[in-house]
Amino acid sequence: MSDDTDPETGFYALPGDLMMWILIISELIVFGAGLMAFMAVRLTDPQGFTAAQGHLDATAAGINTIVLVTSGWLAALAQRAGAAGQVARVRLLLASAAALGALFLWIKMQEYAAKSAIGIDFETHPFFTFYYLLTGFHALHVVAGIVILALVGWKATPRNLEVGTAFWHMVDLVWVLLFPIIYLLR
Amino acid sequence: MKYQTQKIALIYFAVALALFAVQVTMGLILGWIYVSPNFLSEILPFNIGRMLHTNSLVVWLLVGFFGAAYYLIPEEAEREIHSPLLAYLQLGILVLGTAGVVVTYLFNLFDGNFLLGNEGREFIEQPRWVKAGIVIAALIFLYNVSLTVLKGRKTAISNILLLGLWLLALLFLFAFYNPANLALDKQYWWFIVHLWVEATWELVMASILAFLMLKLTGVDREVVEKWLYVIAALALFSGILGTGHHYYWIGMPSYWQWIGSIFSTLEIAPFFAMMAFAFVMVWKGRRDHPNKAALLWSLGCAVTAFFGAGVWGFLHTLHGVNYYTHGTQITAAHGHLAFYGAYVMLNLAMFTYAMPVLRGRDPYNQVLNMAAFWLMTAGMAFMTFTLTFAGTIQTHMQRVEGVDFMSVQDQLWIFYVMRFGSGVAVVLGAYILIYALAFPRREVVKPGPVQSHKSAETPAE
């Protein structure tokens, strides 16, 4: 009973809360499995996938990547400010991070609206099934992340900030994996 | 027994065991019908027998969970149950409803009647008056235990248990909504029993297992609770969307194939975690609890649930596989080992732990109980293998080669005979276990030389 109840070693040395890390790993497994399934199905129809990918707006998604990574940077600054006890600065930074999250969602909505306008939906092609599933599921996590950032901004303890920003960075990380594989890979 | 109201559990366990006997006996009859299809075809058609087999299973498991809650909540909350009278009233309603169900099914009374007739939806065939009774009983139960916990000590075990029980009761409300569209009907139908066994019951299972580990191994509560939260999180994360592995087949959109495949594959994680949890607790444990049979059932439950629900579930959950195996004997193999491992063994672990305490004969007749454990578990394992082989052949002949259903069934006859044999072992084991739990009044087996030697080496604390 010595090693794993010691707060400074093993799982307990992780910043934030163990439960958040379990969630993050579970999420990465799910998105990882989704991307692997995408790649596997792509092998069965490379031309079809490339043709379908031609309908995507890689520029908007590229802008979205910059938006989300910047948001992650602001969240990281907020976490540092929290450790230094600057609550007002924490809230300003988190609000900016959340605002960029909202901007990400707005751009995403434009993207979905454009697809929908030319009659592309889940069933159009397996490519779009994965496109909607993976980016849609990711967008839901952006929504959840904004709520979490608001919550940890409200109760801005250093530990809460670690938990909340860890989730936000996971949302970032997943997007950085989705973007090249879905939008760019040919 | 620290609290008088824990005694309530005894009558719940008794009712559960009686229904358990009915369930396995009915199972044996059904097993014989597979071997000899015209057996009882006039007086007990197969579909009626199957309803009784599955309904009595679900009801006795639930009654067992209620009893387990009445046993463990006082110890966790450190106070008596709010109202014993309500607890007995709740059981009375459940028993009346169960009797009503059996009579309605057997004689097909009030067919088509809105309030009194069989509703005809698999597992939730109960007439509406019984469903209303179940809701009232559930409300009484939730009121009673929630109030007890609110007024007493709140622990992770009781919180997770209550979360599971509240969610399972809320999900049952879908039983009242029966849209005319068959796909929609099936969708809501799936929110009941399948979100039970793939999500909410797992919470109940994890918390009862945690309670047993706490009592049997003496590991610190803090460590047990950490595991419990992780298991509960994994169960909900994987289970809620994992249930989506059924949805495509009932007419829901095709993207459910992928959501279901990915999340249901992860459903193995909470079961693996429960198995790891049980063994780590025993290794770390500092207490040599005399109730060895309860420990055997607890470990057996964690292992068999991992194989039955986890491994056998994964076997056919990916939609590319399920496209061929859907509804074959593979499903039956998974269903039997999963229900037995996860929920039957969990209840039996709790009964084995609690009955000696409740009956004031701490602990007794372990050997007969453990013999029943091995007989039942071995029988169930053999049945699972038999049905898995039968299902594999069935899948190939029927779904790949396109041979018609009844011709394939003829080819499976030998497997059904073997399954019946394993069923006999399970049913005998069940009867022995019920006898061992309910009847003997004293310890009948003296410790052998190995056990005496061990106790001489490590004197009791």
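1. A residue counts as buried if 20 or more other C-beta atoms lie within 10 Å of its own. By that criterion, buried residues make up 48% of the 461 residues in chain B. In chain A, 31% of the 186 residues count as buried. The model under discussion is a predicted one.

2. The overall form of chain B may be considered next. Chain B contains 17 helices and 0 strands. Its C-alpha trace spans about 65 × 45 × 45 Å along the principal axes. The radius of gyration of chain B is 22 Å, which agrees with the value near 23 Å that a compact globule of 461 residues would have. Among contacts in chain B between residues at least 6 apart in sequence, 79% join residues at least 24 apart.

3. Chain A has 6 helices and 0 strands, and its elements run α-α-α-α-α-α from the N terminus on. The C-alpha atoms of chain A fill a box of roughly 55 × 40 × 20 Å along the principal axes. Of the contacts in chain A between residues at least 6 apart in sequence, 75% join residues at least 24 apart.

4. A helix pair in chain A deserves attention. Helix 4 (residues 87-117) and helix 5 (residues 126-154) of chain A pack at an angle of about 165°, and their axes are 10 Å apart. Angles over 145 degrees count as roughly antiparallel, and helix 4 and helix 5 of chain A are therefore roughly antiparallel to each other. The crossing of helix 4 of chain A with helix 5 of chain A is left-handed.

5. The residues of that contact can be listed in part. Helix 4 of chain A contributes residues including A:Val90, A:Leu94, A:Ala98, A:Gly101, A:Leu105 and A:Lys108. From helix 5 of chain A come, among them, A:Ala139, A:Val142, A:Ile146, A:Leu149 and A:Gly153. The residues of this contact between helix 4 and helix 5 of chain A divide into 14 nonpolar, 3 polar and 2 charged.

6. A:Asp57 lies in the loop between helix 2 (46-53) and helix 3 (58-83) of chain A. With 15 other C-beta atoms within 10 Å, A:Asp57 is partly exposed. Leaving aside residues up to four places away in sequence, A:Asp57 touches A:Glu111 and A:Ala114. A:Asp57 and A:Asp17 are separated by 40 residues in sequence and by 37 Å in space, C-alpha to C-alpha.

7. Helix 5 (residues 156-172) of chain B packs with helix 8 of chain B at an angle of about 20°, the axes being 10 Å apart. Angles under 35 degrees count as roughly parallel, and helix 5 and helix 8 of chain B are therefore roughly parallel to each other. Helix 5 of chain B passes helix 8 of chain B in a left-handed crossing. Here B:Ala156, B:Ile157 and B:Ile160 in helix 5 meet B:Glu225, B:Leu228, B:Tyr229 and B:Ala232 in helix 8 of chain B. These residues divide into 6 nonpolar, no polar and 1 charged.

8. Finally, the interface. In it, 14 residues of chain B are in contact with 14 residues of chain A. On the chain B side, the elements that give two or more residues are helix 8 (221-242) and helix 9 (255-266) of chain B. Helix 9 of chain B supplies the largest share of that side, 6 residues. The residues of the side of chain B that touches chain A divide into 11 nonpolar, 1 polar and 2 charged.

Note on methods. Residues numbered from 1 in each chain as written. Chains lettered and ligands numbered in written order. Predicted model: local features only at pLDDT ≥ 70, side-chain atom pairs only at ≥ 80, totals over all residues. Contact = placed C-beta atoms within 7 Å. Helix = DSSP H or I, 4+ residues; strand = E, 2+ residues; numbered from the N terminus. Nonpolar A, V, L, I, M, F, W, Y, C, P; charged D, E, K, R; others polar. Axes fitted to C-alpha atoms, helices over the stretch in contact; angles between N-to-C directions. Parallel < 35°, antiparallel > 145°, perpendicular 65-115°, else oblique. Left-handed = near helix turned anticlockwise from the far one by under 90°. Rg over C-alpha atoms; globule rule 2.2 N^0.38 Å. Buried ≥ 20, exposed ≤ 12 C-beta atoms within 10 Å, placed from the backbone.
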